4 protein chains.
Amino acid sequence: MSELTELAVRLRGFAQARDWEQFHAPKNLVMALAGEVGELVAEFQWLTPAEAENPDPDTMARVRAELGDVTGYLVRLADVLGVDLIAAAHVKLDESERRYPPELYRGSARKAPPLP
Amino acid sequence: MSELTELAVRLRGFAQARDWEQFHAPKNLVMALAGEVGELVAEFQWLTPAEAENPDPDTMARVRAELGDVTGYLVRLADVLGVDLIAAAHVKLDESERRYPPELYRGSARKAPPLP
Amino acid sequence: MSELTELAVRLRGFAQARDWEQFHAPKNLVMALAGEVGELVAEFQWLTPAEAENPDPDTMARVRAELGDVTGYLVRLADVLGVDLIAAAHVKLDESERRYPPELYRGSARKAPPLP
Amino acid sequence: MSELTELAVRLRGFAQARDWEQFHAPKNLVMALAGEVGELVAEFQWLTPAEAENPDPDTMARVRAELGDVTGYLVRLADVLGVDLIAAAHVKLDESERRYPPELYRGSARKAPPLP
């Protein structure tokens, strides 16, 4: 069993043991994910770019905790919806490789036109 | 190599091939993550709870794509910061198991007081 | 002076008095806005639709506080960027009125095609 | 009638004319707000701090449009919940003035302890 599946199974058991599956509806989980991403963003909001590259240990501990929360809700949401996150990410990356040929976009932050 | 590490390595190579590592600063990546989560939330905003439990195939395809984007930026951000997402999620889940004893929180959505 | 301008002026003075204008760069303020919206979303995540329509007094007090924070950062960001929020909202509403003719979209949550 | 009330009234009429009040439940509107803030964040994600201070005209037009969308959903949500956004923002600013005395926090981005 992959480490992501293992995490999904643990999260499912955590919800079942508390009869919380009733709360883990997709709309609720996507809101919880947005809330946790908001907390992650807030950790970085006043940092300079240099500070954000190399957060001090206290900030780093909070960032790690927020990344853990984000991962938990993302994996739980994907489990409820039956989506394979890794496969979904690779499909999007395949698409980005076609949209952004290295020779045309080297060092450029401009957005590609949508794929036909 | 785990499937998450494999994805992180592919994303790193994608950025290097385009000289995009300069854009992949933590502040920028956390903003990109927030942007993609916003797109995911938008897919669910007008759905009824029942529709969200069982999205039609077109919605589901867009949801899968957004989940792929969210996963990609989350994994890329964690790679840049040197954070192990799975370990971070388990640490937070350990904490939630202590904060929310099943016998006290069964079927309850109320928030626990913070851990001492 | 309109109530929004008055708020913008008060926020500007608040920042100046603390020499915080250096932190109020657009990227930082947009992150702060996203963080506060995340906190607002979190207030609603586990509520049923009925509870969310009519939050209990404690929830309502927290919601009001989060709406205050969101408004503050939105108005501060617009001030820094020189954008008139009310005018910008009316322009978008003009557009929505053209995109969504009442007779075609009555009671329908489907998305209109983008305006040509 | 203030310009914010005027906008709220126009938004209410827009929803009524399309029988969209059924969709404008608080959970849905807070999700729509999060989605629009995500689009606003995305406009800034790859900009350097200097570019973000002074966006080029095309970026600025998109930023203005996103700020208009964010304002619209924020005002609509507040209207549905019966919250006065300006009053709520001033209450939070009163609180921030007490938490962050200028002489203690001048030029400092550190977070104040919560008010007792």
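**Where the chains meet**

Between chain D and chain B there are zero salt bridges (a side-chain nitrogen of Lys or Arg within 4 Å of a carboxyl oxygen of Asp or Glu). This is a predicted model, where local features need pLDDT of at least 70 and side-chain atom pairs count only at pLDDT 80 or more, while totals for chains, interfaces and linings use all residues. Residues are numbered from 1 along each chain as its sequence is written, and side-chain values use heavy atoms, leaving out hydrogens and water.

**Chain D against chain B**

- Here 14 residues of chain D are in contact with 14 residues of chain B (heavy atoms within 4.5 Å).
- Helix H2 (residues 26-44) of chain D gives the most to the side that touches chain B, with nine residues; helices are DSSP runs (H or I, at least four residues), numbered from the N terminus.

**Aromatic pairs**

- Over all chains, the whole structure holds 16 aromatic pairs; rings of Phe, Tyr and Trp (its six-membered ring) pair if their centres lie within 6.5 Å, and planes under 30 degrees apart count as stacked, over 60 as edge-to-face and the rest as tilted.
- One of them is the tilted pair of A:Tyr73 and C:Trp46, 6.2 Å centre to centre with 45° between the planes.
- A:Tyr100 and B:Trp20 form an edge-to-face pair, 5.2 Å centre to centre with 75° between the planes.
- A:Tyr100 counts as buried because its relative accessibility is 10% (buried means under 20% relative accessible area, exposed over 50%, partly exposed in between, with a 1.4 Å probe and protein chains only).
- B:Trp20 is buried too, at 11%.

Notes
Chains lettered and ligands numbered in written order. Helix = DSSP H or I, 4+ residues; strand = E, 2+ residues; numbered from the N terminus.
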